[in-house]
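The following note records points for a colleague reading this model. Please consider them alongside the sequence and the coordinates.

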Amino acid sequence: MARTPGKTDIPDKLLAAGRELFSQHGYNATGIQQITDLAGVPKGSFYNHFDSKEAFAAAIIDQYAEQLRQTWEQMMRAAPPQPLAAISYAFAQMIAHHERATCWKGCLVGNFAAEMAEASDLCRLRLAAAMSAWRANLANLIRNAQAAGEVRNDMDAALLSALMWDVWEGALLRMKIEQSVSSLRESVGLMLNQFLRPA
């Protein structure tokens with residue numbers, strides 16, 4: 001028997017379509033009609049579920065942030081117990097994800113930040129929350145690695161985590177230009193094998 005569509009089917013379809021189109025073309029170059037066409041729903045249904053395109057983008061950011069949280073937890077369950085090895089494992093998994101991708105989309109948070117941070121306070125705050133949560137997870141690992149003597153302890157773990165986020169996002173931009181994960185490997189390798197190491 002065919003399943004009766006639930007209340008979340010249409011918004012879920014819209015969110016999936018919007019995320020795909022925003023990742024490929026950006027926020028400003030994507031229209032509501034394109035989103036509803038890809039989702040296979042009437043255009044009028046969009047505003048039954050989302051107050052505006054901006055609110056829709058904020059919902060996509062929240063969804064992406066939750067996916068990042070779940071992905072981090074999965075990686076940590078599979079990671080080695082040593083904190084520096086766990087950091088290395090996490091970045092190796094993220095690099096492998098981008099290497100498997102069929103196109104060079106980069107990071108949705110980074111892409112949105114470049115396009116929307118100045119135009120939308122709503123989205124800027126959601127982006128800040130997503131970045132903060134990711135950096136906090138990494139900072140905890142760095143802190144444990146410092147306690148184990150694996151990482152330099154002359155800098156605060158939160159500062160090192162923020163720097164690694166910034167380096168990663170910059171490397172993702174270069175990846176999109178070069179269409180290669182070489183920038184990711186080089187940047188992560190320099191951070192893990194040289195900059196983070198104790199003197």
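1. Read along the sequence, the protein follows the pattern α-α-α-α-α-α-α-α-α, and its secondary structure comprises nine helices and zero strands. Helices (H or I, at least four residues) and strands (E, at least two) are DSSP runs, numbered from the N terminus. The C-alpha atoms fill a box of roughly 60 × 40 × 30 Å, taken along the principal axes.

2. This is a predicted model, in which local features need pLDDT of at least 70 and side-chain atom pairs count only at pLDDT 80 or more, while totals for chains, interfaces and linings use all residues. Residues are numbered from 1 along each chain as its sequence is written, and side-chain values use heavy atoms, with hydrogens and water left out.

3. Helix α6 (residues 108-116) and helix α7 (residues 121-147) have axes that come within 10 Å and cross at roughly 150°. Axes are lines fitted to C-alpha atoms, for helices over the stretch in contact, and angles run from 0 to 180 degrees between N-to-C directions. The crossing is left-handed, that is, the near helix is turned anticlockwise from the far one by less than a right angle.

4. Val109, Phe112, Ala113 and Met116 of α6 make this contact with Cys123, Leu127, Ala130 and Met131 of α7 (contact: heavy atoms within 4.5 Å). The residues involved divide into eight nonpolar, no polar and no charged; Ala, Val, Leu, Ile, Met, Phe, Trp, Tyr, Cys and Pro count as nonpolar, Asp, Glu, Lys and Arg as charged, and the others, Gly among them, as polar.

5. Ring pairs join Phe22, Tyr27, Phe46, Tyr47, Phe50, Phe56 and Phe112 in a cluster. Rings of Phe, Tyr and Trp (its six-membered ring) pair if their centres lie within 6.5 Å, and the count comes to 11 aromatic pairs.

6. Lysine 53 lies over the face of tyrosine 27, at 4.2 Å from the ring centre. The criterion is NZ of Lys or CZ of Arg within 6 Å of the ring centre and within 35 degrees of the ring normal. The charged end of arginine 152 likewise sits over the ring of phenylalanine 195, 4.7 Å from its centre.

7. Eight salt bridges are found in the whole structure (a side-chain nitrogen of Lys or Arg within 4 Å of a carboxyl oxygen of Asp or Glu). One of them joins arginine 185 and glutamate 99, at 3.0 Å from N to O. Arginine 185 lies in helix α9 (residues 182-195) and glutamate 99 in helix α5 (residues 83-100), so the pair ties together parts that are 86 residues apart in sequence.

Methods: Phe/Tyr/Trp six-rings, centres within 6.5 Å; stacked < 30°, edge-to-face > 60°.
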